[in-house]
Amino acid sequence: MTIPLSRTQLALFFILLCPVNIIGLWWAVGSPLHMDPNSICRKTKRLAGKQAELCQTQPEIVNEVAKGAKLGVRECQYQFRFRRWNCTSQNKYFGKILQQDIRETAFVYAVTAAGVTHTVTQACSMGELLQCGCEATRSRAPPGPASSSSPSSSSADTGEGVKWEWGGCGDDVEFGYEKSKQFMDAKRKKGKSDIRTLIDLHNNEAGRLAVRNYMRTECKCHGLSGSCTLRTCWKKMPHFREVGDRLLERFNGASKVMGGNDGKTLIPVGQNIKPPDKQDLIYSAESPDFCLPNRKTGSLGTRGRICNSTAMDVSGCDLLCCERGYRDETVVFEENCLCRFHWCCVVQCKKCSVRKELSLCK
Ligand SMILES: *[C@@H]1O[C@H](CO)[C@@H](O)[C@H](O)[C@H]1NC(C)=O
Ligand SMILES: *[C@@H]1O[C@H](CO)[C@@H](O)[C@H](O)[C@H]1NC(C)=O
């Protein structure tokens with residue numbers, strides 16, 4: 001007897017088989033961009049196991065984790081906006097990318113782990129979570145002159161008699177780091193090879209380190225009329241855009257690896273290649289070219305994509321359109337213009353037609 005499964009049942013089925021991690025949640029509730037943080041725990045309420053446990057014991061953190069995954073995917077779409085594969089969020093296609101072991105997969109894992117680290121840490125600093133807050137810094141040594149690159153520094157700061165103190169609200173990145181680890185590095189689906197698991201874990205860590213290793217020190221001067229006899233300093237995370245930029249660099253320089261004979265180690269492919277360090281992205285299979293739609297690889301193809309006819313890089317029409325050529329199209333759209341402010345308080349605008357030349361891939 002066969003029983004047709006509803007979508008929800010299918011989703012539950014997936015969660016039960018799936019790892020207790022955010023990638024598992026993707027399968028259950030869709031791509032992070034369509035994920036409603038508030039509904040995740042409702043959807044998983046009837047389940048046993050670690051997922052349900054996390055939902056019951058720390059639902060606020062689950063919400064932040066989901067927001068973090070969303071932040072990661074948005075950043076992925078920004079970084080890849082001019083590329084053949086543009087990190088599209090259509091779930092089926094995204095899922096296909098996640099199942100492979102290509103550079104793009106590495107980036108998605110890393111940027112998601114980074115997004116979760118960043119979002120959870122930020123929530124701590126904003127006082128939105130009971131479990132964490134600003135970083136406790138009392139036990140740490142005061143910042144040395146090495147941190148004088150902070151915005152408020154001046155040559156006078158390094159003079160004698162300047163006292164340093166940790167204070168303010170530092171970002172507790174260790175907390176976000178640990179939570180990201182808990183959610184992203186959970187056990188994998190059976191059937192995934194050990195090597196594949198090692199690669200995913202490596203890329204997750206690379207993502208978290210892209211946040212944790214780039215903390216900056218911010219300081220504020222105190223003292224009579226800005227004399228700065230006392231400085232208070234705290235640690236802040238890098239802006240997430242900066243994290244994304246850095247991960248894109250790692251994507252461009254990603255290292256290909258293969259499994260060693262023992263099935264437990266990764267070795268770089270090719271001669272004289274330096275072993276990837278902890279912050280490098282790694283992959284084991286070559287990417288498809290993403291030129292044509294292909295359900296198997298999760299490629300949507302580049303037909304109809306806007307390209308730049310003068311750019312020589314990946315956004316240029318030659319590369320983006322896979323040499324199929326492009327057509328120019330004039331698009332006319334309306335814009336507000338000649339706006340005037342009337343006291344008080346309205347702004348009146350006229351509508352103007354604006355023409356724009358676009359190149360679209362054939
Ligand atoms: C990404 O690519 C797909 C398929 O080529 C396209 O439909 C979509 O509009 C693109 N998204 C952006 C933001 O360019
Ligand atoms: C197209 O590429 C050129 C050259 O790289 C660049 O200067 C220009 O800003 C690009 N145009 C758009 C719309 O991105």
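Modeller: If we take the contacts of the protein chain (heavy atoms within 4.5 Å) between residues at least 6 apart in sequence, 68% join residues at least 24 apart. This is a predicted model, in which local features need pLDDT of at least 70 and side-chain atom pairs count only at pLDDT 80 or more, while totals for chains, interfaces and linings use all residues. Residues are numbered from 1 along each chain as its sequence is written, chains are lettered from A and ligands numbered from 1 in the order in which they are written, and side-chain values use heavy atoms, with hydrogens and water left out.

The protein chain has 11 helices and 11 strands, which are DSSP runs numbered from the N terminus, helices being H or I with at least four residues and strands E with at least two. Of its 362 residues, 45% count as buried, where buried means under 20% relative accessible area, exposed over 50%, and partly exposed in between, with a 1.4 Å probe and protein chains only. The chain exposes about 20100 Å², and carbon and sulfur atoms supply 53% of that area; accessible areas come from the Shrake-Rupley method with a 1.4 Å probe, and for residues only the protein chains shown count as cover.

Now to ligand 1, around which we find Asn86, Leu300, Gly301 and Arg305, a residue being counted if one of its heavy atoms lies within 4 Å. By class, this shell has one nonpolar, two polar and one charged residues; here Ala, Val, Leu, Ile, Met, Phe, Trp, Tyr, Cys and Pro count as nonpolar, Asp, Glu, Lys and Arg as charged, and the others, Gly among them, as polar. Asn86 places a polar side-chain atom 2.4 Å from an oxygen atom of ligand 1, and from Gly301 a backbone N or O atom lies 2.9 Å from an oxygen atom of the ligand. Of the 360 Å² of accessible area that ligand 1 has on its own, the protein covers 46%.

Leu300 also leads us to Thr88, for Thr88 is in contact with Gln77, Tyr93, Phe94 and Leu300 once its neighbours within four places in sequence are left aside. Thr88 belongs to the loop between α5 (59–79) and α6 (91–99), and it counts as buried because its relative accessible area is 15%.

For ligand 2, the surrounding residues are Asn308, Thr310 and Ala311. A polar side-chain atom of Asn308 lies 2.4 Å from an oxygen atom of ligand 2, and the protein covers 28% of the 360 Å² of accessible area that this ligand has on its own.

An α-helix has 3.6 residues a turn, so residues three or four places apart point the same way. Helix α10 (residues 240–252) has 13 residues and reaches 18 Å from its first C-alpha to its last, close to the 18 Å expected at 1.5 Å a residue, the expected span being 1.5 Å times one less than the number of residues.

Terms used. A polar contact is a pair of N or O atoms within 3.5 Å; within protein, one must be able to donate a hydrogen and the other to accept it, and residues adjacent in sequence count only if both atoms are side-chain atoms.
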